[in-house]
Every structure is written in C-alpha cells, then in structure tokens.
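Trainee: I have this model open on my screen. Can we go through chain B in short questions and answers?

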Amino acid sequence: MAVTGILLALFLIAHMLGNLKVFTGATSFDHYAHWLRDIGKPLLPGVWFLWILRTVLVVAVVAHIVAATVLARRARAARPVKYAHRKKINGSYAARTMRWGGVIILLFVIYHILDLTTGTLNPVGDASKPYGNVVADFAPERWYVTLFYTLAIVTVGFHLRHGAFSAFRSLGQQTPRGERRARAAALVFAVALCAGYLVVPFAVLTGLVS
Amino acid sequence: MNLTLRIWRQKGPEDKGRMVTYPVDDVSPDMSFLEMLDVLNERLILAGEDPVAFDHDCREGICGMCGLMINGDAHGPQRGTTACQLHMRQFTDGETIDIEPWRASAFPVIKDLVVNRGAFDKIIAAGGYITAPTGSAPEAHSTPVAKANADAAFESAACIGCGACVAACPNGSGMLFTAAKLTQLSLLPQGQPERYTRVIGMVDAHDEAGFGGCTNAGECTPACPKGIPLNTIGRLNRDYLRATATRGDTPGS
C-alpha cells in the first residue's frame, strides 16, 4: 500500500504542477500538454515515454487496489460477528473513509480520463486544444461538473491525509515526535494538493481563466 | 443507581447468541463494574437462572483477564482503565448499558462474555521470549541500557495481553499486542540475537491466527488500558522490513 501510494502521490504532485500552467496562458499550457507526449524524443519514439508512465501508473493503481482488497477481506474475516453497540470510531474521519473514499476516487479517475484525456465526455473534446477543453469543462453553466470535481478532490485530500501518514508508519516511522511530524506533514501535503487542484476550476468559474 | 443491562448471552461456542435485557436495582456508585455484575449474578442464581459468565482474576487492573465491550468501548468509557477498575460512578442513574464480548474470529466466544485468547499465546510461542538462560536477576550495571531504550521497553512491557486492541480495531488486528511484545525485547541487549527472526515469526503467527491487517487507523491506543503508544507498531514495521530485506525470510526463532 505504502510504496504504490507514494508512487501515485508523486504523480499527483507532477499533475498538479502541470495544471497550474493554465495560469500562464493558452499557448504555454497547450505547448506543455504537447510536450508531455514528446518527452524522451529523440531517444524514444513519440508518446512512448507517456505510455511507459501510464503503464507504471496503472500497475501502481492495480497493486494499490489489490492490497486494499486483501486488507478489507482480512478485516471482514477477522470479525464475523459484528458489535451490537459500536461507537463511532475515535480515529480521524480520513482513516475511516479510506476504503469507500478509494472507490469514489477510482470512479472519478475513470470519469476524468474520459473527460480530459480521451475527450469523450468533454463539450469540446479537441485533443489538440487542452486549454479550450479545460475552460469548456468548468464553464459556469456546467456547475455540476465543478461540484463533482471539487468533491472528488476533497476525497483525495482526506485519502492523502491518512494515507501519507500511514505510508510513513508502514515504512518504519517509529518515534512519537516523528509521528507528530508525519501527521502534520500529511495534513499540509493534503491541503496544499487540494488547493493546487481546486484553484483551476474555480479560476475558470470566476472568469480568471477564459 | 438503577440500571438496565443488555448483555450478550451465548450458551457455548456453537450457540448463535443474543442480547438479553436485565434490570439491576440498588447499584452503588462505589461498586466496580465487575462487582455490579456479581450482584446481577447473585440475583440470577437465587432466581434459579444461569449466571452471566465473564472473565476476571486479579481485579487490580494488572492481570489482563477481564475484558468487556461496554457501550461500544473496550473496557468502558474511562481511558487507561481495565473493566475491573472501572467504577459505576462513571455511569448515570437509569442508564442502559450494552455489554458484549471481544468480537474477533481469532477470539472465539466460549460462553457469554468469555472469549478464548489462546491466539495471543500462539504469537508469544512464535518468538516472544529469549532462548538464552538468564539465571537470577543480573547486577544492574553489568549490561548498560540507554535510559530512553529502557523506558520505551518498559512502556511496552506494561502490556497485559487483555485483547482490547483487537476488540477496538476496525480491522480486528492484533498488531499493537504483537508490537508491544516485540518492542519489550528488541530495545534491550538481551533481545538482539533473535531480533529479526522473532519479528517474522510473530507476525506470521499473528496472521495465521486470523487477525486482520493493521491500517494505522489508531483505534487501539485509546482503548489500551496500559496506553501502549501507536508508534510501537512503527518499530515492528521497521524491524519487519529490515528482517525481510536483509535477513531473508527466516520463519520462527
């Protein structure tokens, strides 16, 4: 869980930094998007690097889901008779929504790829003009798209808040002071990532980016 | 105090079990929780009914025998307290109290509120000891131990093996117990020779016993009557990674 989670979190950082290029204008953003397809040229033929990256991500996602499923099945098997009276769990909201949160994130990722990678669900869907796709996507009259996007990103934030701390712990974080630092770092990381992702749709919504 | 108890009654391991309601009157707030159950049982016996079976021994909070899920809290609402040291003043007059056994497939119910915690013994048998004969207590200065290590080892050695961590864990994992039993040895010089075979053996025994996996949810430490800290599990993880990465997958010790 920890290793695949860290891989996916690194991707989220890179993806967020790429998104923020939307503030540098249509030409720059489109140029960045096209450059992504050409990384590794001329060593690798076009889009090869992208496909290698995609393969690594898919393997990480599948391994993450398999590990989560094994844990969830073990947890079910470990408590066949439920408590009649069960207090709401003491721990954080983030910790107890990891499993269903993960399912929501998976559904969002599928929608997100159909929307902004393949363009199937995008009102413009022109692969050569990613800037136009983004602006059309978060247009004020399509407020429900922005709402769903916001909910999904907040879910990612909660997932990261527990996930980042849990990854440190799984990889051997062992002191009480380190635990406080790891929890604080996870919270800052989750909030920063949420803010970085949400600033784009809200900039489109308010007309800052058009 | 007048209370309504809803208690899990189960005749034996094969019985399905159900919650049964018992009113108990004239409970003193100075009684311990187990004394209150004693009062109920005396009345049940006088009425010719089967008394409620529950585990207890020292009633001083140090043996780890008692263990009840009280209103969804392992060992009841008071932190750092076993059920035997919990007093009825923690409850209010007229309250309904739900009492259940620890729920885990690794802890099968024997009768009513009594569960078999033999799975913990299997984890200990897989490495929770040192094989060198130690003789009588050595002279304190003969083997120096850093104060911080001695304190952390002692903190873990406070584990009484009651099983509250498993009962409270949303995954039914016994990782806090396993980590405490590892840490009390892994931080001391006497525990070093078998340190890495021990961690693999005990984690394997933990998994084989049918406990769930740890997801760092953090439910165990608040429920632990001895307050074993959550970072103890981090020590286990670090030793486990080192053991699998550098020592090979050596089972047992």
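Trainee: How many bridges join E3(B) to E5(B), and do they run parallel or antiparallel?
Mentor: This is a predicted model, where local features need pLDDT of at least 70, side-chain atom pairs count only at pLDDT 80 or more, and totals for chains, interfaces and linings use all residues; side-chain values use heavy atoms, without hydrogens and water. Residues are numbered from 1 along each chain as its sequence is written, with chains lettered from A and ligands numbered from 1 in the order in which they are written. Strands are DSSP runs of E with at least two residues, helices are runs of H or I with at least four, and both are numbered from the N terminus. For E3(B) and E5(B), the answer is two bridges, antiparallel.

Trainee: In E5(B), what is the bridge partner of Ile70(B)?
Mentor: Strand E3 of chain B spans residues 69-70, and Ile70(B) also stands opposite Asp73(B) in E4(B). In E5(B), the partner is Ile99(B).

Trainee: What is the order of the strands in the open sheet of chain B?
Mentor: Two strands pair if DSSP finds at least two bridges between them. E1(B) and E5(B) run parallel over four bridges, with Thr4(B) opposite Thr96(B). E3(B) and E4(B) pair antiparallel over two bridges. The pairing is mixed, and the five strands have the order E2-E1-E5-E3-E4.

Trainee: Which strands stand at the edges?
Mentor: An edge strand here has a single partner strand, so one side is left without a neighbour in the sheet. That applies to E2 (18-24) and E4 (73-74) of chain B.

Trainee: What angle does the direction of H1(B) make with that of E1(B)?
Mentor: Helix H1 (residues 33-46) packs on the sheet and touches E1, E2, E3 and E5 of chain B. Contact means heavy atoms within 4.5 Å. Axes are lines fitted to C-alpha atoms, for helices over the stretch in contact, and angles run from 0 to 180 degrees between N-to-C directions. The angle is about 80 degrees.

Trainee: How many of the five residues of E5(B) are buried?
Mentor: Buried means under 20% relative accessible area, exposed over 50%, and partly exposed in between (1.4 Å probe, protein chains only). E5(B) is largely enclosed by the rest of the structure, because the buried count is four of the five.

Trainee: Is Asp73(B) buried or exposed?
Mentor: Asp73(B) lies in E4(B). Leaving aside neighbours within four places in sequence, Asp73(B) contacts Lys87(A) and Leu68(B). At 17% relative accessibility, Asp73(B) counts as buried.

Trainee: Which residues of H3(B) are buried, and against what do they pack?
Mentor: The buried residues are Ala152(B), Ala153(B) and Ser156(B). The buried residues Ala152(B), Ala153(B) and Ser156(B) pack against H5 and H8 of chain B.

Trainee: What distance does H8(B) reach from its first C-alpha to its last?
Mentor: H8(B) covers residues 231-246, 16 residues in total.

Trainee: What is the relative accessible area of Met202(B)?
Mentor: Met202(B) sits in helix H6 (residues 195-208) of chain B. Beyond neighbours within four places in sequence, its contacts include Ile123(B), Thr178(B) and Leu182(B). Met202(B) is buried, with a value of 0%.

How values were computed: Expected span 1.5 Å × (residues − 1).
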